[in-house]
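Subject: Structure for your review

Dear colleague,

Please find below the structure that I am handing over to you, followed by an account of what was found in it.

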Amino acid sequence: MTTLGFGSLPVDTTTTAPAALLTPRTLDEALRMLAGGDAAPVGGGVAHVLRRHDHLAPAAAKLVSVAGLPGFGDITVHAEHVTIGAGVRLGALAADERLARLWPVVTEAAGSVATGRIRRLVTLGGNIAARDESHDPPVALTAVGAALAVRGATGARTLAVTEADRLRPDELIEHVRLPLPTARTGSAYEKFLVRGVWEYACVNVAAAVALAEDGTVRQLALAVGSVAGGPVAVDLMGLTGVRPDRHLVAAAADRAAAGTTPYSDVTGSAAYKTRMIAEFSRRALISAIRRAEAPEGEDR
Amino acid sequence: MTDPLIPFSPHDTHASEPEARKVMSLPLRFRLNQEDVEIHVQDPTVPLLDVLRGDLGLTGTKSGCAIGYCGACTVVVDGEAVPSCVQMAGLVEGRDVRTVEGLGGPDGLDPVQNAFVKCSGLQCGFCTPGHVMALRALLDEDPDPGEERLRETVDGNYCRCTGYVKILDSAREAVELERAARVAREAR
Amino acid sequence: MEVDPATGAVTVLELAAVVDCGTVLNPPLAEGQVEGAIAQGLGMALTERFDWRDGAPTRPNFSDYKLPTAGVMPQLHVEFADSYEPTGPFGAKGVGEIALDPVPSIIASAVADAVGVRVHELPITAEKIYWGMRDEDSVRTTSDTGEEGDGR
C-alpha cells in the first residue's frame with residue numbers, strides 16, 4: 001500500500017550500475033552464484049521490476065534466474081508428502097487437479113491472487129520470499145503445515161513457511177513440502193475483497209480440519225494473513241476432540257480475532273478487520289468442515 | 001547511460017559445468033511478431049513495455065499504471081497474456097512475443113480487432129490493445145472459452161470509457177468471427 | 001442490489017438508466033457513453049476513495065485507488081427518452097456525464113432501502129454499512145483531510 005511520501009524526491013539512481021542477469025543451468029551453479037554475497041534469486045521477476053519502478057537500487061548486483069532450474073517447475077505427489085517447486089507459477093499451481101483434491105485451500109489461495117496474467121508470471125518461491133504478510137499462498141501453506149526446503153552454499157535446511165524472514169541472502173527456496181492430508185480432511189480459503197474488485201485482501205484466512213472416525217475434530221488449523229507478523233497460525237489448543245459444530249467454529253473464530261493484530265488501511269479500519277477476521281474464519285472453517293465430512297470424492 | 005558491466009569471468013565456474021549465460025548489455029534476442037529481433041539492453045530489469053515502446057518504437061502497447069494492475073500493457077509471451085510493465089525484459093530472451101502491431105495482415109484486421117470495430121467496443125481506445133491481446137491469447141488457447149472465461153479475461157483489464165458492456169459484446173463476437181474464419185479456412 | 005449483512009459488502013445486480021440527451025446521433029456510442037458513465041458512477045459510489053494531504057493525492061496508484069472492473073458491473077438496461085432539444089445540433093444535447101451523476105445517490109438510496117442505513121459520505125464502503133447496521137460507535141476511519149490510521 002502506498003501513501004504519498006514527504007521530504008526529498010527519490011534519489012536519481014541512474015548512476016547506480018544496473019544488475020546483471022545470470023541464467024544458471026543447474027542448482028549447483030545457482031548456489032555458487034548466490035554464495036558470492038552480491039547476488040539475489042529471481043523467480044518471475046515482478047518484484048525486481050517493481051523495485052526499479054520505485055527508484056530503488058537492484059536487490060543485488062547479480063540477479064540469478066532460478067525459475068527454470070531443473071525440477072523447479074514440478075508439482076509431485078510422493079508417498080508421504082507433496083512437493084511444489086519454487087519455480088511453479090501461481091497459475092499452474094491453481095490449476096493443478098491433484099492439489100485441488102488434496103489441499104483445495106492451497107489451489108484456492110493461489111487462484112485468488114491478482115489476475116490470470118499476473119499469476120502466469122509470479123512463482124511460488126518469489127511469492128513466499130517477498131515476505132509480504134498479505135500474500136495469499138503463504139497463508140494457505142501455513143494452515144496446512146507446509147515447510148520450505150531451502151538450499152544455500154553451506155547446505156540444505158528446512159524452514160517453516162512463517163520463517164521465510166530467516167532466509168539468508170545466499171539461500172533460495174528449492175521447493176515447498178506439504179504433508180499429505182489424512183482421510184476426512186477438509187480445507188478452505190477465504191479472501192475478502194471488501195470493494196468487490198481485485199486487490200490485496202481486506203482479510204484472508206485459511207482453515208484446515210481433520211476429523212477422527214467418530215466425527216470429532218482430530219486436528220484444526222487456522223491461519224490469518226494481512227495482520228502484523230502474518231501469516232499467523234492461530235493458537236487453537238484445546239479445541240480438538242469435540243464435534244465440529246457452531247460452538248467450535250465460534251470459539252476458533254474468536255481466537256483468530258483475539259490473537260491477531262490487523263492494521264488500518266485503505267481497505268478498512270483495524271476494528272472492522274478484527275470483526276471480519278472472525279467472520280471469515282467462520283466461513284473458512286465451515287467450508288473446511290463440510291469438505292471433511294463429505295464422502296470421499298465428493299465436493300472436496 | 002551507465003558503463004557496461006565487468007565481463008563475467010570464466011574462472012568463476014567449474015571447468016566441466018556449462019557456463020551460465022549472461023544477459024545484460026549483451027544483445028537481447030527474442031522473436032517479436034514473427035520476426036527475430038536483437039536489441040541492446042543496459043538494464044535487464046527494465047520492463048518489456050519500455051523496450052517495446054522506447055527501443056522498438058511499438059507504441060501500440062500502452063502504459064496505464066506501470067505496476068501490473070490495469071492491463072493496458074498486455075502482450076502475449078509464449079502464447080500467454082502477460083502484463084509487459086512487470087515482465088522483466090532480460091527474462092524474455094529466446095521467447096516469442098506478440099504485440100497488437102503483429103495482429104492482422106494484408107487481408108485485414110484480426111477477428112478480435114474486427115469484433116471490437118463491429119460492436120463499438122472502444123471509445124478512447126487506450127485500453128483496447130490490452131483487451132485485444134488478452135482475448136487473442138485466450139482464443140488461441142481455447143477457441144470456445146464460454147461466457148465465464150470471457151468475463152474473467154475482460155475482468156483483468158481496466159476501461160474507464162465503456163463500462164465493459166460493449167467490450168464483452170466484442171469478446172463474444174470475436175468468438176463467432178473466429179469460428180466463421182475457421183470454417184471458411186476448412187472449407188477451402 | 002444485495003448487501004451482505006455479515007460484512008456490509010454491496011453487490012449491485014441490476015441497474016436501469018433512462019437518459020434524455022435529445023436526439024441520439026450515434027446509438028452505439030451514446031449507449032457506450034452511458035454504460036461508461038454508470039461504471040464511473042459505481043466507482044465513485046463504491047470503490048474510489050480520493051484523499052488528499054497538503055493539496056496532493058495520497059493514493060496516486062491503482063493498487064489503492066480502485067476502479068470498477070468488468071466483474072463488478074451489474075446487468076444494465078439503457079434506454080433513451082424520446083426528446084428533442086431545439087437549440088442543439090439536430091436536436092441533441094450532451095450525453096457524456098449525465099449518467100454518472102445520479103449513480104452515487106441511487107446506490108445510497110438502494111442501501112438505505114435494503115438495510116436501513118443511510119450513508120452520507122462517499123465511497124459507500126462495506127465498513128460504513130457494517131457499523132451503521134449495528135448502530136455502534138464505529139471507529140471513524142478517516143477524515144476528508146486524509147488523516148488516518150495507516151499502519152503501513
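Before the strands are described, one term is needed: two strands are said to pair if DSSP finds at least two bridges between them. Please also bear in mind that this is a predicted model.

The sheet of chain B

In chain B, strand β2 (residues 27-32) pairs with strand β3 in the antiparallel sense, over six bridges. β2(B) and β3(B) form a hairpin, with two residues between them. In that turn, B:N33 has a positive phi of about 50°.

These two strands belong to an open sheet of five strands in chain B, in the order β3-β2-β6-β4-β5, with mixed pairing. β3 and β5 of chain B are its edge strands, each pairing on one side only. From one strand to the next, the twist averages 40°.

The domain assignment divides chain B into domain 1 (22-102) and domain 2 (111-187). Their C-alpha centres lie 22 Å apart. Across the boundary, 15 residues of domain 1 of chain B are in contact with 14 residues of domain 2 of chain B. On the domain 1 side, β4 (74-77) and β5 (80-83) of chain B each supply at least two residues. The largest share, three residues, comes from β4(B). By class, this side has seven nonpolar, six polar and two charged residues.

The contact between the chains

How many residues of chain A are in contact with chain B? There are 26, and they meet 30 residues of chain B. The elements of chain A that give two or more residues to this side are β1 (20-23), α2 (46-53) and α6 (116-121). Of these, α2(A) gives the most, with six residues. The chain A side divides into 13 nonpolar, eight polar and five charged residues.

Yours sincerely,
A colleague

Conventions:
Residues are numbered from 1 along each chain as its sequence is written. Chains are lettered from A and ligands numbered from 1 in the order in which they are written. This is a predicted model: local features need pLDDT of at least 70, side-chain atom pairs count only at pLDDT 80 or more; totals for chains, interfaces and linings use all residues. Two residues are in contact if their C-beta atoms, placed from the backbone, lie within 7 Å. Helices (H or I, at least four residues) and strands (E, at least two) are DSSP runs, numbered from the N terminus. Ala, Val, Leu, Ile, Met, Phe, Trp, Tyr, Cys and Pro count as nonpolar, Asp, Glu, Lys and Arg as charged, and the others, Gly among them, as polar. Domain bounds come from an automatic or database domain assignment. Axes are lines fitted to C-alpha atoms, for helices over the stretch in contact, and angles run from 0 to 180 degrees between N-to-C directions.
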